[in-house]
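Reader: I am new to this structure. Please show it to me, and then let me ask about the terms.

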Amino acid sequence: MSEFDINISYPTEQTAYAERVKRIILSDGTHTPKACVVTYGCQQNVSDSQRLKGMLSLMGYEICEAQEDADFIIFNTCAVRGHAEDRVWGNVGATKRLKKQNPRLLVAVCGCMVQQQAVADRFRESYPYVDILFGTQVTHRLPEFIYKRLSGGKRIVELALENGEIVEGVPVDREGKFKGYIPIMYGCDNFCTYCIVPYVRGRERSRSADRIIAEVKQMVADGYKEIMLLGQNVNSFGKGNDDGINFAKLLRMVNDVEGDFRIRFMTSHPKDCTEELLDAMRDCEKVERHLHLPFQSGSTKILTAMNRRYTREKYLSLIKSAREKMPDIAFTSDIIVGFPGETYEDFKETLTLVKEVGFASLFTFIYSPREGTPAAVMPDSVTRQEKGKWFDELLRAQDTIQKKYNNEAVGKTVRVLFEEEAPEDGYLIGKSSGTYNIYVKADKSKIGTFADVKINSYNSVLYGTQI
Ligand code: SAH
Ligand code: SF4
Ligand code: F3S
């Protein structure tokens, strides 16, 4: 291990706290203690919630879906847009009533929202029935927090934003049996001017490649068929590690792990998307032919104001280069409409970029001011109603593109992973290595297996048959 190695093992003191919690909650002998984890936000939060569930199981809780059944409820929150936060306030508020029905209920709130001081203060002052509040850097200490509260301690508020360590070996309940996440890096150093993430997730730090490869091998041995490598900006993986392994090299290493499985990754920042990475994608047969490359705006003026550090031309040249290397690649993206100072002319540049690239699908958002970010104090004269009109125009344009994109899929033969039952009886949804979701007649038992499928038709959804 080098002096830069910031990866530490799951502390034994937490395992000891988990044992103590177990003794308390199982002491009554007749009642099975249940815990409910409510998750908002991105895959990083979903992955963190899988660790919360892992720790809760270690403590002896049975994981349940309904809050009414729970003795412990935890809200893992997201702060990225106002809308995400509004839902949390209401839902946490509703636990007051649940506490009246079940006096032993404990309520916790964690995640990105809590990491903002003003939000934490509001929870502390106006939500006295919240027992435990903690931020994004201390998730692994859940057993300690629950023990201290259960054994009669004060309300817990733990917001330290240390950027140092990555705790390895936290128990994880991956839920699905064939698709799984592996976080490879945490935090973000990019400070896009609209975005709260760098403030609530701290500085970028990467896990060691050895740990990641060990986890991939374990998951493949356990039968996983799709592994998603996670980070706010996977392309800057490895900075600060001293083994010289960047993201392109890591992809090749994961690809070399033996077994029949697919590799996805999320998210790539265009400023760090290199030819080396595109070459690695092209060469690695297990890496899906899909690149999620958020461009946010088609106007270089707006991109500069957003501090994205690439231009429209640079973005389009990346797309061109990726297509040359991988003609069948599918692109998806994130877009913000109505950034402060954006005019309709600027917005039209977003529209033309969308049309030029032909994305398989888009995640589109109306700009939401986040307190503490530079954009929140930029003059913003366009009304919400006007922004809504632009937004609808974008959706309509993408709808036409997506229909064309799907129609062009008809006749192709692709390998799919059966992921779930389709709403139509007797059909499963198979996902291609790009982004096609195809309805195929197949037995439920085939979920989690691969099959070759010919795409036959498109009628709102794609239909195909196994060959
Ligand atoms: N790290 C990823 C994105 C994480 S947030 C990246 O850089 O691509 C996911 C998406 O939410 C962003 O891509 C952006 O489109 C959107 N988003 C972030 N902050 C926002 C805000 N203040 N208002 C509206 N959308 C926002
Ligand atoms: Fe936010 Fe930008 Fe970091 Fe993505 S890269 S998390 S949008 S600051
Ligand atoms: Fe939301 Fe935090 Fe993810 S703010 S988008 S849950 S990193």
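Reader: What makes the shell around ligand 3 divide into nonpolar, polar and charged residues?
Author: The class follows from the residue type: Ala, Val, Leu, Ile, Met, Phe, Trp, Tyr, Cys and Pro count as nonpolar, Asp, Glu, Lys and Arg as charged, and the others, Gly among them, as polar. The shell around ligand 3 therefore holds 5 nonpolar, 2 polar and 1 charged. Its residues include Cys42, Val80, Arg201 and Gln232. A residue counts as near if one of its heavy atoms lies within 4 Å.

Reader: What is this model, and how are its parts numbered?
Author: This is a predicted model; local features need pLDDT of at least 70, side-chain atom pairs count only at pLDDT 80 or more, and totals for chains, interfaces and linings use all residues. Residues are numbered from 1 along each chain as its sequence is written, chains are lettered from A and ligands numbered from 1 in the order written, and side-chain values use heavy atoms, without hydrogens and water.

Reader: Which backbone atoms lie by a nitrogen atom of ligand 1?
Author: A polar backbone atom of Tyr194 is 3.1 Å from a nitrogen atom of ligand 1. For Gln232, the distance is 2.8 Å.

How values were computed: Polar contact = N/O pair within 3.5 Å; in protein donor to acceptor, adjacent residues only side chain to side chain.
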